[in-house]
Amino acid sequence: MGFKDFQLKIAKTLRLRNFLAKEEGYKKRETNNGKRLSWMMPITHGYYVAEEKPLGGGAPPQTPQNNQVECDKVVVQREQVEEQEWWFYGVFDTRIGGGVTKYLQTHLFDDNLNESQMKKRSKETLKKAHLHAKAKVRETEQLEKIWNMGSASAIVINGEKLILANMGEYKVVVCKDGEAFEINRRQQHTTKSHWSHKLFPVVVKCLPKGRTASDSGKGAAANKPSKSSELAVGSERIDRDIEFVILASPGIWEVMKQQEAVNLIRHLEDPQEAAECLAKEALARRSKSNVSCLIIRFE
């Protein structure tokens, strides 16, 4: 091999190394920014709904007609939109679960929208779905019977973005690097979309001190809507710090705090095992309300 050939070989080797170094630097910057491609981040889920237990051993099933509540409705739905994968998850009061799901199917998934249009409309459509379903129930039931109606739902867009909503004593809790966050109802009117304006660390209770969700049926004041009965909607990109999301009914939150729930299941990689663990712990603590939960885990 001549001297010129040797120089050419050295030059090619250096260019290859520079190219690989740039690629590696690019990948590191992407990782440092917390961005992950959807195909690199599998999404798994698991849910658990405690079977209804008759009161007093022989009481009839609870129904909306006698001002009680049936078992919750859990929804898991996958949609393929062009090159994107969409997941819709929900834990609902049975009175509105069907209405929310039907509205989303009609006005979002089956509305012949492209990827960009769906992304832009997803948050507003989820909000309208809850309001529409709640309004439909109001047409057939008295106000004092629906004030405590609730839901917790999430849309995962291609493993990149979260759209979250909760109403009533149903809650969505996000585990972000081991810390529990929930949608901040106090800042729902802000026009900013940064995470800190939509979710906040869980440090306060929604119910007054000394009162639990199981006490909600006691006294005339219990029929008055509270701040926690309002609909709250939030959104944010999914980064490497987001580990999992909990959607759960009042039966979970009346016996444990949000951070406590996160700590209880954080070490469980299987979301089905985590959901069962969370629900059974609530039952062991003698929760008096419906016990249902759904866990979405991001690998």
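In what order do the strands of the open sheet come, and in which sense do they pair? I looked this up before anything else, keeping in mind that the model is predicted. The open sheet has five strands, in the order S2-S3-S4-S5-S9, with antiparallel pairing. At the edges I found S2 and S9 (232–237), each of which pairs on one side only.

I turned to the helices next. Helix H2 (residues 94–109) packs on the sheet and touches S2, S3, S4 and S5 (161–167). I wrote down about 160 degrees for the angle between the direction of H2 and that of S3. Helix H3 (residues 115–138) lies across S2, S3, S4, S5 and S9, and H3 runs at about 10 degrees to S5.

How do the axes of H2 and H3 cross? They come within 8 Å and cross at roughly 145 degrees. The crossing of H2 past H3 is right-handed. On the H2 side, I listed residues of the contact including Ile96, Val100, Tyr103 and Leu104. On the H3 side, Met118, Thr125, Leu126 and Ala133 are among them.

**Entry: strand S3 and its partners**

I then went along S3 (residues 84–92). Eight of its nine residues are buried, so I can call this strand mostly covered, taking buried as under 20% relative accessible area. On one side, S3 is joined to S2 (residues 73–81) by nine bridges, and the two run antiparallel. In that pairing, valine 74 stands opposite valine 91 of S3. With S4 (residues 151–157), S3 pairs over seven bridges, again in the antiparallel sense.

**Entry: aromatic rings**

How many aromatic pairs does the structure hold? I count three, and I followed up two of them in these notes. Tryptophan 87 and tyrosine 89 form a stacked pair, 5.7 Å centre to centre and with 10 degrees between the planes. Both tryptophan 87 and tyrosine 89 are buried.

Why is the pair of phenylalanine 88 and phenylalanine 92 called tilted? Their planes stand at 40 degrees, with the ring centres 6.2 Å apart, so the pair is tilted; the stacked label needs planes under 30 degrees apart and edge-to-face needs over 60.

**Entry: positive phi values**

In the hairpin of S2 and S3, with two residues between the strands, glutamate 82 takes a positive phi near 55 degrees. Asparagine 158, in the loop between S4 and S5, also has a positive phi, near 55 degrees. Aspartate 177 sits in the loop between S6 (171–176) and S7 (179–183), and its phi is positive at about 55 degrees.

Buried or exposed: what are asparagine 158 and aspartate 177? Asparagine 158 counts as buried because its relative accessibility is 11%. Aspartate 177 counts as exposed, since its value is 52% and the cut-off for exposed is over 50%.

**Entry: cysteine 277**

My last stop was a cysteine. Where is cysteine 277 placed? I found cysteine 277 in helix H8 (residues 271–284). Its relative accessible area is 26%, so cysteine 277 is partly exposed. Leaving aside its neighbours within four places in sequence, cysteine 277 is in contact with Leu264, Ile265 and Leu268. I also looked at tyrosine 48, which is 229 residues from cysteine 277 along the chain: their C-alpha atoms are separated by 9.1 Å.

Notes:
Residues are numbered from 1 along each chain as its sequence is written. This is a predicted model: local features need pLDDT of at least 70, side-chain atom pairs count only at pLDDT 80 or more; totals for chains, interfaces and linings use all residues. Side-chain values use heavy atoms; hydrogens and water are left out. Helices (H or I, at least four residues) and strands (E, at least two) are DSSP runs, numbered from the N terminus. Buried means under 20% relative accessible area, exposed over 50%, partly exposed in between (1.4 Å probe, protein chains only). Contact means heavy atoms within 4.5 Å. Two strands pair if DSSP finds at least two bridges between them. Axes are lines fitted to C-alpha atoms, for helices over the stretch in contact, and angles run from 0 to 180 degrees between N-to-C directions. A crossing is left-handed if the near helix is turned anticlockwise from the far one by less than a right angle, and right-handed if clockwise. Rings of Phe, Tyr and Trp (its six-membered ring) pair if their centres lie within 6.5 Å; planes under 30 degrees apart count as stacked, over 60 as edge-to-face and the rest as tilted.
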